[in-house]
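Colleague: Thanks for sitting down with me. Could we go through the model together, so that I can ask you what stands behind each label?

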Amino acid sequence: KISVTINGIQLEVEPGKTILEAANEAGMIIPTLCYHKDLCIAGNCRVCVVEVTGQKRLAAACATPCEEEMEILTNSLKVRNSRKHIIELLLSEHNADCTKCYKNGNCELQELASEYKIMTQDFLRLAPLKNYTIDQFSPSIIKDDSKCIRCQRCVRTCAELQGVNALTVAYKGDEMKIATFFEKAMNDVVCTNCGQCVNHCPTGALVERNYIEEVWDAIADPDKHVVVQTAPAVRVGLGEELGLEAGERVTGRMVSSLKRLGFNSVLDTDFTADLTIIEEGTELLHRLKKALAEEDQSVKLPMATSCSPGWIKYIEHMYPELLDNLSSCKSPQQMFGALAKTYYAKARKIDPDKIISVSIMPCTAKKFEADRPEMHDSGFRDVDYVLTTRELAIMIKQAGIDFKKLPDAKFDRLMGESTGAAVLFGATGGVMEAALRTAYELVTGREVPFENLDITPVRGMEGVKEASVLIEKPLDEWAFLDGIELKCAVAHGLVNAKKVMDAVKEGTSDYHFIEIMACPGGCLGGGGQPIPTNPEIRQKRAEAIYAEDGGMPLRKSHENPEVLKIYQDFLGQPLGEKSHHLLHTKYTG
Ligand code: HC1
């Protein structure tokens, strides 16, 4: 350990710790803007400046490692004045029309301006804002350069977490901006719509395209029957946006709030997550049969999950030659949408034309997915509006609902029942865990050989995880699988997807099944989740997902009674004709 003094207090810190880390650990807060726990250090905003005795220039706390005997002042007059000037300079180049900004109330720059009481504008804007555009073409993301403070968190996010590099720094001096390739619209470049840039942006420069007014209008229309579905990860994130601790499970209160908002039926994406497991598990077994028993060379292995729309867009751009490796299953969101306007409409005797299907997702790419031309198999647009967790929280606040005091409520029936396996979808490795619980049992008639059904090798925040399950004494139909070690890989964050997909492309992988989720941590770390999202918060949300699974009476998708019922009453059989039409698709890039 090394010895440093911060604001007169002597501290022992680990070598390599930055001043920012040492000060924060000792309870001394230093403001930051370009810094984010997920990202490499940039040190370009200078808001975190501190005084180091003996040095003429102020140091950026985020980028300066502690040194032995260093004496640091985080709160001197010189530091406070400098910081205030830096904030004023940032504001002088910023469209500070805060009351008209979507991020009003959740903007880090606005918070700092408030903290430092920037009342007058010492640095008058000398010229109108230069070289900015507002890109509103994407169904998921709005990019407004006039609100950008050039901290480059979005650029680093897109490069370091996703390896996509859709955003970069362009121009110099006062014309410098964050731009796409040739300044094309986000919709026309490799952007996957994952929204990680939105989640990491400190201001209103990158925000989700919101559909709050459209959903209020639908609810208010007496001629419409508004059905809402909620994604697995929303129940472990929504509370944060409404004043609760990270990782607090709010499933019952979420359902309560949706009923009070006026939705006609509050149903669950988890139902179709269970359904996905039946369809996808069956598809995997069929592929294995063709490839291993019939030696059909045309069958592609490994089969890859297909529920993360950011991942779908990524493979379309980066590995189009591997599109046949994707499962043909639509995502649970889209399966739900297709069934809402067919199965649900028929059972409830409602004209599908009058059904408005809304989904609450932790994800901005789900907006893009719902907008895809493939997603009209019900004869209508399958999902009409997608709201993020953040948008739902806005509606709850607008409705004057005191979320903390809400009683728990239960999902409505028909497409509202789910198992613990379904909620696992919200965490990286969860689709794999749910699929293995079912596929192993279908093949052997026995439970998957992991204690308490917890398939721990696919849990955790390692970028790429591997697991294998030895298949022993299968049922007669699956005799060809006897002694086979089913090999699986799980990747989250597209930068990790690349590692797995490069191996698949080069033919060096021996996996049978891979799960890829676009966002770090899986959907619980989605671009539509509360801000901030960082490693500690993702960890807490993951623990909440596992606790939710552990507490469910049913924990295997094939035991979901509503899933059994839908096959009996409507679908017939997995991969049957109706399933094929409504629940499966083919992405062609
Ligand atoms: Fe997801 Fe999925 S898990 S993709 O992350 O397969 O968004 O939560 O809803 O569709 O079920 C997201 C979450 C979500 C789908 C499911």
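Colleague: Which residues is Cys48 in contact with, leaving aside its neighbours within four places in sequence?

Modeller: Leu20, Ile30, Pro31, Thr32, Tyr35, Ala60, Ala61 and Cys62 are in contact with Cys48. Contact here takes C-beta atoms within 7 Å. Please keep in mind that this is a predicted model.

Colleague: And what makes Cys48 stand out in the largest nonpolar core?

Modeller: Cys48, Ala61 and Val228 are the residues with the most contacts inside that core, which has 161 residues. Helix H15 (residues 430–444) gives the core its largest share, eight residues. In soluble globular proteins, nonpolar side chains tend to be buried together.

Colleague: Let's turn to Val358. Why is Val358 called buried?

Modeller: The cut-off for buried is 20 or more other C-beta atoms within 10 Å. Val358 has 25 C-beta neighbours inside 10 Å, so Val358 counts as buried. Its place is in strand S14.

Colleague: What surrounds Val358, leaving aside neighbours within four places in sequence?

Modeller: Val358 is in contact with Val215, Val226, Val227, Val228, Asp384, Tyr385 and Leu387. The C-alpha atoms of Val358 and Gln229 are separated by 6.5 Å, although these two residues are 129 residues apart along the chain.

Colleague: How do you know that both faces of S14 are covered?

Modeller: In a regular strand the side chains alternate between the two faces of the sheet. On one side of S14 sit Ile355, Ser357, Ser359 and Met361, on the other Ile356, Val358 and Ile360, and all of them are buried. For the strand, residues 355–361, that makes seven of seven residues buried.

Colleague: What joins S14 to other strands?

Modeller: Six bridges join S14 to strand S11 (residues 225–230), and the two run parallel. Four bridges join S14 to strand S15 (residues 385–388), also parallel. Ser359 in S14 is the bridge partner of Gln229, and Val386 in S15 is the bridge partner of Ser359. The chain gets from S14 to S15 through helix H12 (residues 365–370), in a β-α-β crossover that is right-handed.

Colleague: Which residues cover the two faces of S15?

Modeller: Tyr385 and Leu387 lie on one side, Val386 and Thr388 on the other, and all are buried. Tyr385 is also the bridge partner of Val358.

Colleague: Why is helix H10 described as largely enclosed?

Modeller: Seven of the 10 residues of H10 (residues 309–318) are buried, so the helix is largely enclosed by the rest of the structure. Those residues are Pro309, Gly310, Trp311, Ile312, Lys313, Tyr314 and Ile315. They pack against H12, helix H16 (494–506) and strand S18 (513–517).

Colleague: Now the ligand. Which residues come nearest to the ligand?

Modeller: Ala231, Ala233, Cys307, Cys363 and Cys523 come nearest, out of 19 residues around the ligand. Helix H9 (269–293) and helix H11 (332–348) each supply at least two residues of the shell.

Colleague: How do the shell residues divide into nonpolar, polar and charged?

Modeller: There are 11 nonpolar, seven polar and one charged.

Colleague: On to the backbone. What is the omega of the peptide bond from Leu301 to Pro302, and of the one from Ile531 to Pro532?

Modeller: From Leu301 to Pro302, omega is near -5 degrees and the bond is cis. From Ile531 to Pro532, omega is near 10 degrees, and that bond is cis too. Pro302 lies in the loop between H9 and strand S13 (303–304), and Pro532 in the loop between S18 and helix H17 (535–550).

Colleague: What is the phi of Glu183 and of Asn452?

Modeller: Glu183 has a positive phi of about 55 degrees although it is not a glycine. For Asn452, not a glycine either, phi is positive at about 60 degrees. Glu183 is in the loop between strand S9 (177–179) and helix H5 (196–200), while Asn452 is in the loop between H15 and strand S16 (464–470).

Conventions:
Residues are numbered from 1 along each chain as its sequence is written. This is a predicted model: local features need pLDDT of at least 70, side-chain atom pairs count only at pLDDT 80 or more; totals for chains, interfaces and linings use all residues. A residue is buried if 20 or more other C-beta atoms lie within 10 Å of its own, exposed if 12 or fewer, and partly exposed in between; C-beta atoms are placed from the backbone. Two strands pair if DSSP finds at least two bridges between them. A crossover is right-handed if, with the strands pointing away from the viewer, the path from the first strand over the helix to the second runs clockwise. A nonpolar core is a set of buried Ala, Val, Leu, Ile, Met, Phe, Trp, Tyr and Cys residues joined through C-beta atoms within 7 Å. Two residues are in contact if their C-beta atoms, placed from the backbone, lie within 7 Å. A residue is near a molecule or strand if its C-beta atom, placed from the backbone, lies within 6 Å of it. Ala, Val, Leu, Ile, Met, Phe, Trp, Tyr, Cys and Pro count as nonpolar, Asp, Glu, Lys and Arg as charged, and the others, Gly among them, as polar.
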